[in-house]
Amino acid sequence: MCMKGSPMTRLPALLALTLTLALGSVTASAAEEPPTALRDVVVVGNSADGTVSFIDARTYENLGSLDVVPDLDAILAGMDPIRRAAYEIVRQQAGGDKFVDDAHLSPDGRTLYVSRGNLGDAAAYDIATGRQLWRTHLDGLKADHAALSPDGRTFVVSAITAAKAQALDTATGRVTGEFATGTYPHENMYSADGSRIYNMSIGITSFPKALNALKGTKQVTVADATTWKVLRTYAFDKGVRPAVITPDGRTMYAQLSYLNGFIEYDLDAGRTVRTVQMPFSAAGAALKADDYPQNSAHHGMAMNGANDKLCMAGTIDDYTAVVSRPGLTTDGFVHYEQGALPYWSLTGPGGDHCFVTLSNRDEVSVVDYRTAKEVARVKVGDFPQRERAGKVAADALSGLDR
């Protein structure tokens, strides 16, 4: 390279060249840095104490928890007398404090989205700092099950007393859409391709079984996940509890209110193909139907990664059952202490293990699909209910309480 001129005139050019090379080196180095490691976890909503526990999906270690009701006192203090009276009624019908109904992790593992049961709202939290990013009050008085879209941009929550599901923008918390459901909407789930969302309604759970006809509309509502237009509804005589839908969208396995078992349902034909009665425990058989928790005999269903086994929580019977499909034969049971209250089932990352909340024991039972045996028991917070699988950014774990 030939550079003309005096040393003084060449100095700025040399400095500029040096700066350009240095910046280029920094940029290249930054581009080559690996992304933050993501860790497979199962998040567990501890309903009564308002926290979410993070369980390592491989080692089953409890990594810590995040407080998701740090604003509880302020919210209660800000309620007018009418709103506070309504809150107490919902609290009584729910059986006490139910602050966490559902929780999902953002795809980048840095944000936790929560539907906050008796508070009737949804909120987002930065995991590393615990800071609340937004809070949105839903229509009605209670927030229920939620689903996160595959791209992580939409959080769909059942506004249970308003008989609708509402879609929130995960970046802002703004309500961007909604669709009408049956009475007391409960579970939300996306189809395998993310194009549709299914909502299951359970009817008014505070009414006794003898007044089932007055509980309202019990149905599965299918809506377009972009326009929120209702595409189809399926009517049921009893409330539709936890369910799983096969990847082809043709078959649903569902638990129903008061049923000690589950059904196989043809979604194309709109009819029940099989009803499977599961065995009662002695304690379960002694219960009256109106003593079932929120009308549920069995509440918790999941399907393994190979789609050939089901994992079901026998809520009043204190067991988990592993059932093989398509024959729907029982492989085995994991029996728990009486009154453990298994209340939700989730297939963990990898598809080989089922995580079952034992709500009255503040524990999660991990069951191997292959052997139908319990392989771990994990202590969590007060009254764990819903669990969801996801990934958390490793460098965000320092924000959890140990």
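**Salt bridges, a sheet and a buried leucine**

Glu178 and Lys164 form a salt bridge (a side-chain nitrogen of Lys or Arg within 4 Å of a carboxyl oxygen of Asp or Glu), and their closest N and O atoms are 3.1 Å apart. This is a predicted model, in which local features need pLDDT of at least 70 and side-chain atom pairs count only at pLDDT 80 or more, while totals for chains, interfaces and linings use all residues. Residues are numbered from 1 along each chain as its sequence is written, and side-chain values use heavy atoms, with hydrogens and water left out.

**Salt bridges**

- Glu178 lies in strand β11 (residues 175–180) and Lys164 in strand β10 (residues 164–169), so their pair ties together parts that are 14 residues apart in sequence; strands (E, at least two residues) are DSSP runs, numbered from the N terminus.
- Glu178 is partly exposed, with a relative accessible area of 37%, whereas Lys164 is buried at 17%; buried means under 20% relative accessible area, exposed over 50%, and partly exposed in between, with a 1.4 Å probe and protein chains only.
- Salt bridges with shared partners join Glu337, Arg361, Glu363, Glu374 and Arg377 into one network, and a search of the whole structure finds 26 salt bridges.
- Asp40 and Arg58 also meet through their side chains in a salt bridge, at 2.7 Å from N to O, and this pair links distant parts of the chain, with Asp40 in strand β1 (residues 38–46) and Arg58 in the loop between β2 (51–56) and β3, 18 residues apart.
- Asp40 counts as buried at 17% relative accessibility, while Arg58 is partly exposed at 49%.
- In the salt bridge of Arg116 with Asp121, the closest N and O atoms are 2.8 Å apart, and both residues are buried.

**The four-stranded sheet**

- Four strands form an open sheet in the order β16-β17-β18-β19, with antiparallel pairing; two strands pair if DSSP finds at least two bridges between them.
- The edge strands, β16 (240–245) and β19 (271–277), each pair on one side only.
- Strand β18 (residues 261–266) pairs with β19 in the antiparallel sense over six bridges, and Glu264 stands opposite Arg274 in β19.

**Leu63 and its surroundings**

- Leu63 is found in strand β3 (residues 62–67) and is buried, with a relative accessible area of 1%.
- Not counting residues up to four places away in sequence, Leu63 touches Arg39, Val41, Phe54, Asp56, Leu397, Leu400 and Arg402, where contact means heavy atoms within 4.5 Å.
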